[in-house]
Amino acid sequence: MIGSAMAQNAAGDPGPVIDVHMHAGEFASGGMPMCPNADRFLASDPADGPEAPFGWSKEDCTPRLYPAAKGQYMPEVLAEMKRLNVTGVFFGDPAEVKKWQAAAPERVIPGTAFKSVTTPDQADQLKRLEVSFTKDGFKVMGEIGLQYEGISPSDMRAEPYFALAEKLDIPVAIHMGTGGSGRSNVSRSTFRGSMGNPLLLEDLLARHPKLRVQVMHAGYPMAENMLTLLQANSHVYVDIAGLIWSYPRKEVNRYIQRLVEGGFGDRVMYGTDQLLWPGLMAYSIGIIQNADYLTPEQKRDILYNNAARFLRIKK
Ligand SMILES: [Zn+2]
C-alpha cells in the first residue's frame, strides 16, 4: 500500500499544494528512521525500567522515512517542496522562520506564536507578535500549544493573544487533539488529552466572532465534537497534519472521510507537521492522492483550494 502510494504520487501531477503546518528549524535530536502509519501503540509497564517515550510499534515498512543528514534538512525539504510544487506555512521563532523565508521566499508563508501563557512576560510577547504581524509580514499565529500545558484554548490567560489576532485580522492555528506518541504519561506530564476537545474552542469563538481558526490535527480522534464545532462555526477550518502519518492508515482515511462526508470538504486542509523526514511531504500527499473516497475536486480542495481561501491567497 505504502509503496504504491509513493509510485502513484510520483506518476501523477497533483498540481500546486499548500502545506499549512510546517515547522522552521532543524530538529537534530531524536532523528530516527520512521515507518509512517504504524498499526499499533504498545502498552508499557513502569516496573520494566525506563519506558520508551514513544509507543509506536516497530514494524518494517517500505518506504522507511529517514531523517536528513546534519545540515541537510533545510536544503532537502526545500528541494522536495520545489519538486512537488508546495508552498508551506512555517511556524516557529521569528528568526528561524526568516531563515527559511530567505532561502525560499516564494515557498514560505511565515507564522509565529506566543511561547507560553504561564510565563510572566506577556506584555513583551504581545509586543513582539504585534511587530511580527504588522511590520514583518507574518501571516498566521501558530502553533499554539496550550494543550501541551494542559490549558484550554478558552482559558482567559490566552485571551490577550487571541484578541490581538482578531484585531489584526490574523488567523490562529491551535494544536487540538493528537497526543502523537501514545506515551504522554511517560514523556509529557502536563499534556491533557481532554484539552484537545474541539468544543473547548466554543467560548473563545463566541468572544471573538471574527477570529479565523485552524484546528491543527483536526481534533483527532474526536470526530463528533469536531463536526459539532464545524457545524456551529463557519470560520473554523481543520488541518490533517501529524495525524496523516502517525496513526493507522485505515483510521486516518476514515477520519478524513468522516469530515468530508459530514459536509466539510471545503474546510479540510493538507499539512504534514514536517519535523524530521524530508520524504514525509511526498508520502503524505500520496495519502490524499490515493484516497478512493475523494473525488479529484475534493483532493484539490484539500491539497490547495481550502488553504488558499483560509489564508486569503490571491490566485
Ligand atoms: Zn501540533
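I took helix axes as lines fitted to C-alpha atoms over the stretch in contact, with angles running from 0 to 180 degrees between N-to-C directions. The model is predicted, so I note that local features need pLDDT of at least 70, that side-chain atom pairs count only at pLDDT 80 or more, and that totals for chains, interfaces and linings use all residues. Residues are numbered from 1 along each chain as its sequence is written.

**Entry 1: overall content**

I looked up the secondary structure and found twelve helices and eight strands in the chain. Helices (H or I, at least four residues) and strands (E, at least two) are DSSP runs, numbered from the N terminus. The C-alpha trace spans about 55 × 50 × 45 Å along its principal axes. For 315 residues, a compact globule would have a radius of gyration near 20 Å, and the 19 Å of the chain agrees with this. That radius is taken over C-alpha atoms, and the globule rule is 2.2 Å times the number of residues to the power 0.38.

I then traced the open sheet, whose eight strands follow the order 1-2-3-4-5-6-7-8 with parallel pairing. Two strands pair if DSSP finds at least two bridges between them. Strand 1 (17-23) and strand 8 (268-269) stand at the edges with a single partner strand each, so one side of each lacks a neighbour in the sheet. Strand 3 (residues 108-112) and strand 4 (residues 140-144) run parallel and are joined by two bridges. I noted Met 141 of strand 4 as the bridge partner of Thr 112.

**Entry 2: helices 11 and 12**

Helix 11 (residues 280-289) packs against helix 12 (residues 296-310) at an angle of about 150 degrees, the axes being 10 Å apart. This makes the two helices roughly antiparallel (angles under 35 degrees count as roughly parallel, over 145 as roughly antiparallel, 65 to 115 as roughly perpendicular and the rest as oblique). Ile 285, Ile 288 and Gln 289 of helix 11 make the contact with Lys 299, Ile 302 and Leu 303 of helix 12; contact requires C-beta atoms, placed from the backbone, within 7 Å.

**Entry 3: helices 8 and 10**

The axes of helix 8 (residues 223-232) and helix 10 (residues 249-264) cross at roughly 30 degrees and come within 11 Å. Helix 8 is therefore roughly parallel to helix 10. On the helix 8 side I listed Ala 223, Met 226, Leu 227 and Leu 230, and on the helix 10 side Tyr 255, Arg 258, Leu 259, Gly 262 and Phe 264.

Terms used:
Two residues are in contact if their C-beta atoms, placed from the backbone, lie within 7 Å.
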